[in-house]
Amino acid sequence: MTLSPSLSLHNLHSSFLCCPLKSKPLARNIIQPKPTSYPRIRALDLDQNTVVAISVGVVSVAVGIGIPVFYETQIDNAAKRDNTQPCFPCNGSGAQKCRFCLGSGNVTVELGGGETEVSRCINCDGVGSLTCTTCQGSGIQPRYLDRREFKDDD
């Protein structure tokens, strides 16, 4: 590298170099010996923002791995336990009262002029109750993942 004589190289300092570079007089056609050691690079000076950013990154990776692993172990442990909790909507009976006929099996319709008509409930076919849709008639409260129906949309 050739530098013009007008540039001053007396005190070159760098935050990455251990010792400042010293300028040597420019000489032409002089073979300089190879340096026996190279300048060492100091450890990086980390400011507070860099430390916080690195910490947030490490914590984010740990949380991103930890939460799914936690849920998987909880699901596996829950599958090993017997489920004996009675179904909440049907109180463990497996059947729910029909909402249209309120369990009577008949629907009363007012036609006007004081006339009424009684007919069989079309929702429950006159039975007065329906199979519980939460427990599918088993009377036992399903676990959260068991309640979800996975359908193939293809």
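How much of the chain over residues 51–71 is helix and how much is strand, and how far apart are the end C-alpha atoms? Over this stretch the chain is 100% helix and 0% strand, with 30 Å between the C-alpha atoms at its ends. The model is a predicted one, in which local features need pLDDT of at least 70 and side-chain atom pairs count only at pLDDT 80 or more, whereas totals for chains, interfaces and linings use all residues. Residues are numbered from 1 along each chain as its sequence is written, and side-chain values use heavy atoms, with hydrogens and water left out.

**View 1. Overall order of the elements.**
The protein has 2 helices and 4 strands, which follow one another from the N terminus as α-β-β-β-β-α; helices (H or I, at least four residues) and strands (E, at least two) are DSSP runs, numbered from the N terminus. Of the 154 residues in the protein, 10% are buried, where buried means under 20% relative accessible area, exposed over 50% and partly exposed in between (1.4 Å probe, protein chains only).

**View 2. The annotated segment and the nonpolar patch.**
An unreviewed UniProt entry carries the annotation "transmembrane region" for residues 51–71; UniProt positions are given in the numbering used here, feature names are shortened, and annotations may be inferred rather than shown by experiment. Val59, Val63, Ile67, Phe70, Tyr71 and Ile75 make a nonpolar surface patch of about 560 Å². Patches are made of residues with over 30% relative accessible area and no salt bridge, like charges being joined within 9 Å and nonpolar side chains (Val, Leu, Ile, Met, Phe, Trp, Tyr) within 5 Å. A salt bridge is a side-chain nitrogen of Lys or Arg within 4 Å of a carboxyl oxygen of Asp or Glu, and accessible areas come from the Shrake-Rupley method with a 1.4 Å probe, only the protein chains shown counting as cover for residues. Ile75, which lies in helix α1 (residues 48–80), is partly exposed at a relative accessible area of 35%.

**View 3. The aromatic pair.**
The structure holds 1 aromatic pair, formed by Phe70 and Tyr71, whose ring centres are 5.6 Å apart and whose planes meet at 70°, so the pair is edge-to-face. Rings of Phe, Tyr and Trp (its six-membered ring) pair if their centres lie within 6.5 Å, and planes under 30 degrees apart count as stacked, over 60 as edge-to-face and the rest as tilted. Phe70 is partly exposed, with a relative accessible area of 46%.

The whole structure contains 0 disulfides, a disulfide being a pair of cysteine sulfur atoms within 2.5 Å. Cys121 is in no disulfide, and the nearest cysteine sulfur, that of Cys124, is 3.7 Å away; Cys121 counts as buried at 1% relative accessibility. The sulfur of Cys132 is likewise 3.7 Å from the closest cysteine sulfur, in Cys135, which is too far for a bond, and Cys132 is buried with a relative accessible area of 0%.

**View 4. Loop residues.**
Thr84, in the loop between α1 and β1 (95–97), is exposed at a relative accessible area of 65%, and its C-alpha atom is separated by 9.3 Å from that of Pro142, 58 residues apart along the chain. Most residues other than glycine have a negative phi. Leu102, in the loop between β1 and β2 (106–112), has a positive phi near 60° and is exposed, with a relative accessible area of 63%. Asp125, found in the loop between β3 (115–120) and β4 (129–131), also has a positive phi, of about 55°.
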